[in-house]
Amino acid sequence: MKNNRIGKVTVLPSRRMLVVEDTPEGMNRIVALLREIDTQPQQIMIEAKILEITLDDNENFGIEWNKVFSGEGTETSHIGTTGLVPRGGPGLVFNLVNQNVNLYLNALSNKGRVRTLATPKLLTLENQEATTNIGDKLGYRVTTTINNVTSETIQFLETGVILRVVPSVDTDGRIALRVRPEVSSGTLLGGIPSKKTTEVNTQLVAENGQSILIGGLIKASAGKRRTGVPLLADVPGLGKLFSNTEETGSSTETIVLITPRIVPTRAVGLDAQTVDRVDGVEAELNAKFKGPAALK
């Protein structure tokens with residue numbers, strides 16, 4: 001009589017355990033499956049540079065990164081551009097970093113147009129989000145009423161330069177990244193929070209140790225500056241003759257350079273099996289050359 005009994009699997013979430021009941025053949029298949037899927041997660045070091053570039057008057061749409069990447073005498077591999085602007089035009093881009101980018105940033109730095117906002121290094125497990133925030137947290141009150149019972153809590157609005165990265169590793173050792181950079185500012189008016197933000201949510205693939213550039217996060221500011229002769233500039237009506245008012249403003253582009261690297265979870269060196277094998281061979285050699293007395 002053929003045995004068609006089906007095995008049973010019991011999940012114990014509180015203890016993070018599986019209890020499997022099955023035939024010996026079924027147990028062998030379960031063991032092989034668990035060894036394949038229950039692998040140790042990879043650790044990824046995310047090295048980022050968040051830079052702010054002051055734009056010139058002719059760079060209203062940001063740095064033309066397509067010209068920087070396609071410099072003469074240097075080959076580059078293009079990942080792609082977003083559809084925010086026509087192909088070949090300036091705008092939001094991401095690409096593999098080559099030598100042209102480094103030379104261009106060094107030139108801008110020498111002109112005083114580059115300001116470093118942050119250089120975080122984040123160690124995270126694959127498929128886990130790593131976050132860094134350089135900015136402010138604006139607190140505001142939230143009142144909740146349930147069944148005539150009123151409670152008040154404090155919540156926070158995060159603003160500034162925020163970077164969120166979720167890495168994962170494929171079977172070929174490439175690193176897939178879900179990246180969300182954000183440049184934002186916030187205010188509170190009458191206890192109600194308001195937020196102005198420029199952010200990107202994109203996915204890309206990089207080799208281990210390959211740097212990626214994300215650009216096109218542009219922020220503009222405007223204001224007025226008034227100068228004049230003391231006392232006379234404040235005289236009603238005549239003050240305009242002794243003062244001058246000019247429009248001020250600036251535009252900046254925030255770029256993010258991300259370099260992911262896989263960090264080995266085991267220390268480099270001899271493993272336990274190798275050490276045991278060497279110790280066994282050493283014991284045999286000692287017994288051979290020292291004679292029977294060495295075995296006592």
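Modeller: A salt bridge is taken here as a side-chain nitrogen of Lys or Arg within 4 Å of a carboxyl oxygen of Asp or Glu. By that criterion, the whole structure contains 10 salt bridges. This is a predicted model, in which local features need pLDDT of at least 70 and side-chain atom pairs count only at pLDDT 80 or more, while totals for chains, interfaces and linings use all residues. Residues are numbered from 1 along each chain as its sequence is written, and side-chain values use heavy atoms, with hydrogens and water left out.

One of the salt bridges joins the side chains of Glu47 and Arg261, with an N to O distance of 3.2 Å. Because Glu47 belongs to strand S3 and Arg261 to strand S14, this pair ties together parts that lie 214 residues apart in sequence. Strands (E, at least two residues) and helices (H or I, at least four) are DSSP runs, numbered from the N terminus. Glu47 has a relative accessibility of 25% and counts as partly exposed; Arg261, at 34%, is also partly exposed. These classes follow from relative accessible area: buried is under 20%, exposed is over 50%, and partly exposed is in between (1.4 Å probe, protein chains only).

Glu199 forms a salt bridge with Arg180, and their closest N and O atoms are 3.0 Å apart. Glu199 lies in strand S11 (residues 192–199) and Arg180 in strand S10, so the link spans parts 19 residues apart in sequence. Glu199 is partly exposed at 35% relative accessibility, and Arg180 is partly exposed at 29%.

The side chains of Arg164 and Glu158 meet in a further salt bridge, at 4.0 Å from N to O. Here Arg164 counts as buried, at 16% relative accessibility, whereas Glu158 is partly exposed at 27%. Both residues belong to a network of salt bridges that also links Lys137, Glu182 and Lys195.

As for the interior, 26% of the 296 residues of the protein chain count as buried. A nonpolar core is a set of buried Ala, Val, Leu, Ile, Met, Phe, Trp, Tyr and Cys residues joined through side-chain atoms within 4.5 Å. The largest such core has 21 residues, of which Ile46, Ile50, Leu163, Val165, Leu177, Val179 and Ile258 touch the most other members. Among the elements that give two or more residues to this core are strand S3 (43–54), strand S10 (175–189) and strand S14 (243–263). The strands of the Glu47 and Arg261 bridge, S3 and S14, are thus both contributors to the core.

Val165 illustrates the packing: leaving aside neighbours within four places in sequence, Val165 is in contact (heavy atoms within 4.5 Å) with residues including Ile46, Leu177, Val179 and Ile258. A second, separate core of 14 residues includes Leu51, Ile53, Leu105 and Ile255.

Leu105 is also one of the buried residues of helix H3, together with Asn100, Val101 and Leu108. Seen down the axis of H3, these buried residues fall within an arc of 125 degrees, so they line one face of the helix; the arc is that of the directions from the helix axis to the C-beta atoms.
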